[in-house]
Amino acid sequence: MSANLSGVRHTRGFDLVKPLSITVIIAVMLPLVLLPLASIFIFGTSSGLDKFWAALMAPEAIFALKLSIVTSFWATVFNVFFGLFAAYVLSKYNFWGRNALIVTISLPTAIPTAVAGFALLLLWGPYGTLGRLLEPQGIQIMFTAAAIILANIFVTFPLAFGVIKPVFDTMSSSLEEAAATIGATRWQTFWHVTLPSLRGAIVGGALLTFARSVGEFGSTILVSGNLASRTQTAPLYIFAKFNEGQVEAANAIAIVLALLSFMIFSILFFARDWLEAD
Amino acid sequence: MMRPFPNRKHRLGIGLAAIALCCSLVGCLPSTPDADHNGATITVYGFSIMKEALEKDIYPAFSAKWKREQGVGVNFVSSFAGSETITNQILQGAPADVAILAIERDAERLKQGAATASDWGLRPNHGIINKTPLVILVRAGNPKGIRDFADLASPGLRVIHPDPVSSGGAQWSILAIYGSALLRSEAETGAPDQARALQLLQALWKNVISSPGSAREARTQFELGQGDALVTYELEGLLMKQAGSGIEMVIPKATIFSEHPAVAIDRNIDVAKRPVVQAFLNFLSSDEAQKTFVKYHFRSVTNEAFNEENKEFANIEQPFTIEKFGGWQKAYPDIIEGIFLNQVRNR
């Protein structure tokens with residue numbers, strides 16, 4: 001923890017800047033973030049809690065939520081393992097093309113998610129470059145849960161890597177060297193020395209990836225087929241209900257997703273302190 | 001920096017336990033609820049406004065009928081979006097068995113893309129399962145005084161119009177506006193004036209503040225209070241009135257009847273499933289299904305007498321159909337592409 005700055009006084013007497021600046025933060029957030037979020041809660045519960053509950057308990061809604069959580073979970077598992085591995089390799093070794101590789105890993109951030117979906121279709125779709133070869137074997141990837149996982153992996157690819165890599169970069173190599181001098185193998189060093197200092201970053205990267213995956217819409221709508229109770233994720237369900245004019249049903253699920261991300265970021269906030277505490 | 005060893009092990013254990021818990025809780029894909037595992041499953045991709053009639057009435061009725069006849073029910077899964085959107089999804093390989101489309105042009109595209117081989121034109125009523133006229137929806141009391149399509153071009157009016165690139169209903173709407181302008185000029189001067197019809201479309205499109213992806217999406221935006229007017233299917237207006245929305249329907253003097261074909265996606269239908277899919281398509285033209293459509297404010301195409309049952313249906317003074325433009329084979333390139341896309345939207 002850094003030194004407690006609030007103890008340092010720049011002015012004598014009552015510091016007006018403190019309440020003023022906090023007010024500015026809230027005033028800016030109000031129309032941009034807080035009120036839109038509040039309107040979801042107000043709209044979703046406006047016609048009574050029993051209607052909200054009924055909308056939430058609709059089999060299609062429950063299915064959509066489950067599907068979102070499962071597909072996001074597997075995308076997270078993959079991206080955290082890959083991100084950890086890539087960050088380790090790319091910060092440990094210097095080689096020709098290393099920077100190009102780092103840039104490529106970060107690329108999905110800037111690509112519109114609809115393009116991601118479209119690209120997956122062009123590759124894995126029944127008429128895609130690879131999908132065409134799989135089709136005769138009876139393997140279909142697009143329009144299944146696998147397609148949703150692939151889309152989630154693509155879209156959240158840089159997130160875990162982006163959180164873990166800076167920790168590697170700032171990690172002192174002297175500890176690893178020390179471990180090596182007392183005869184630790186490469187694996188022992190990684191397991192007992194490197195990994196423990198990465199726990200915070202791994203959990204943080206995982207939660208970010210998961211949160212982003214659960215909310216993913218643009219690529220999923222293209223690759224999933226959007227079939228209710230089959231391949232419809234929570235964001236697609238929300239959009240479908242909105243389009244049908246069932247704004248309440250859309251809001252009920254939106255509230256669940258909002259609470260979920262609130263939970264995720266609360267865990268992120270408190271668990272990181274706990275994991276990184278020495 | 002170094003921690004006491006047991007503590008680290010402890011945390012690692014907690015971490016691994018948490019991961020294992022996560023895997024067992026959220027690792028498995030959910031199963032589809034309410035599925036009759038003995039029965040076949042028909043996957044239907046429908047254009048946006050088909051939803052209520054199919055899900056609330058047509059699916060259960062057909063499943064019950066099939067159970068009576070074959071001893072086993074039928075499961076349905078479906079997806080609803082703009083007609084062009086679902087057509088593109090199917091062309092890209094979406095697992096549809098049946099497509100119910102807003103426009104015959106999309107059936108034609110499915111045929112060209114080898115998704116369907118059957119000639120829907122040979123089925124009763126050329127494969128058309130129902131129809132509905134295009135009308136204008138305005139706010140309660142009609143504060144802007146809109147009487148016909150021409151009024152939608154008045155400066156400053158805010159119009160919601162679905163996007164013809166993704167929505168079949170939007171294409172019907174363009175044809176309705178264009179066709180009614182032709183008929184009007186014909187009545188006034190004796191000859192259809194294409195320049196005048198084009199001008200109307202251009203002026204009207206300037207007033208469009210939002211072009212959503214489907215007719216249903218456009219309706220939702222209108223219901224949420226955006227825009228002064230919306231061009232859409234009569235059925236949508238009647239459903240909104242039924243739901244108690246504060247809207248009014250304006251019936252144009254001349255307007256088009258949209259006609260909606262149902263197509264079997266032969267590429268996805270295996271031999272075992274063929275009979276039930278065929279029976280479902282036939283069911284859509286049965287008296288039972290046609291009466292159901294009328295209940296949901298679609299108009300029957302097999303028997304005009306069924307349409308007498310729905311007292312809400314408006315009387316259209318000068319109705320016309322796609323045949324006015326020589327069918328979809330001509331209407332799409334001539335009017336949607338040649339006039340709307342090239343001279344109205346991309347001007």
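In chain B of this predicted model, residues 24 or more positions apart account for 76% of the contacts with a separation of 6 or more. The corresponding share in chain A is also 76%.

**The two chains**

Chain B contains 12 helices and 10 strands. Chain A has 13 helices and zero strands, and its pattern along the sequence is therefore written as α-α-α-α-α-α-α-α-α-α-α-α-α.

| Chain | Residues | Span of the C-alpha atoms along the principal axes | Buried residues |
|---|---|---|---|
| Chain A | 278 residues | about 65 × 60 × 30 Å | 36% |
| Chain B | 347 residues | roughly 95 × 65 × 40 Å | 46% |

**Where the chains meet**

Contact between the chains involves 26 residues of chain A and 29 residues of chain B. On the side of chain A that touches chain B, the elements giving two or more residues are helix H3 (59-92) and helix H12 (234-243) of chain A. H3(A) gives the most to this side, with seven residues. Sorted by class, the side of chain A that touches chain B has 16 nonpolar, six polar and four charged residues.

**The largest nonpolar core**

The largest nonpolar core has 157 residues. Among those with the most contacts inside this core are Ile164(A) and Ile253(A) from chain A, together with Val98(B), Tyr178(B) and Ile265(B) from chain B. Helix H7 (residues 145-170) of chain A gives the most to this core, with 15 residues.

Apart from its neighbours within four places in sequence, Val98(B) is in contact with Ile42(B), Val44(B), Ala262(B), Ala264(B), Ile265(B), Val277(B), Phe280(B) and Leu281(B).

**Helix H5 of chain B**

Is H5(B) largely enclosed by the rest of the structure, or largely open? Of its 22 residues, 16 are buried, so H5(B) is largely enclosed by the rest of the structure. The length of H5(B) can also be checked: at 1.5 Å a residue, its 22 residues should span 32 Å, and its end C-alpha atoms are 32 Å apart, which agrees. After the helix comes Gly190(B), whose phi is positive, near 95°.

At the crossing, Gln171(B), Ile174(B), Leu175(B) and Tyr178(B) in H5(B) meet Ala331(B), Ile335(B), Ile336(B), Ile339(B) and Phe340(B) in H12(B). The residues of this contact comprise eight nonpolar, one polar and no charged. An α-helix has 3.6 residues a turn, so residues three or four places apart point the same way.

**Helix H3 of chain B**

Helix H3 (residues 83-91) of chain B is likewise largely enclosed by the rest of the structure, because seven of its nine residues are buried. These are Ser83(B), Glu84(B), Thr85(B), Ile86(B), Thr87(B), Gln89(B) and Ile90(B). The buried residues of H3(B) pack against strand E1 (40-47), strand E2 (74-81), strand E3 (98-100), helix H4 (104-112) and H5 of chain B. H3(B) is followed by Gly93(B), which has a positive phi, near 115°.

**Residues in the loops of chain B**

Two residues of chain B have a positive phi without being glycine. Asn142(B), with phi near 45°, lies in the loop between strand E4 (128-139) and strand E5 (159-160). It has 17 C-beta neighbours inside 10 Å, so Asn142(B) counts as partly exposed. His297(B) has a phi of about 75° and is placed in the loop between helix H10 (287-295) and helix H11 (304-308). With 23 C-beta neighbours inside 10 Å, His297(B) counts as buried, because the cut-off for burial is 20 or more.

Gly327(B) lies in the loop between strand E10 (318-320) and H12 of chain B. This glycine is partly exposed, with 13 other C-beta atoms within 10 Å. Although Gly327(B) and Glu104(B) are 223 residues apart along the chain, their C-alpha atoms are separated by 9.0 Å.

Terms used:
Residues numbered from 1 in each chain as written. Chains lettered and ligands numbered in written order. Predicted model: local features only at pLDDT ≥ 70, side-chain atom pairs only at ≥ 80, totals over all residues. Core = buried A, V, L, I, M, F, W, Y, C linked by C-beta atoms within 7 Å. Buried ≥ 20, exposed ≤ 12 C-beta atoms within 10 Å, placed from the backbone. Helix = DSSP H or I, 4+ residues; strand = E, 2+ residues; numbered from the N terminus. Contact = placed C-beta atoms within 7 Å. Nonpolar A, V, L, I, M, F, W, Y, C, P; charged D, E, K, R; others polar. Expected span 1.5 Å × (residues − 1).
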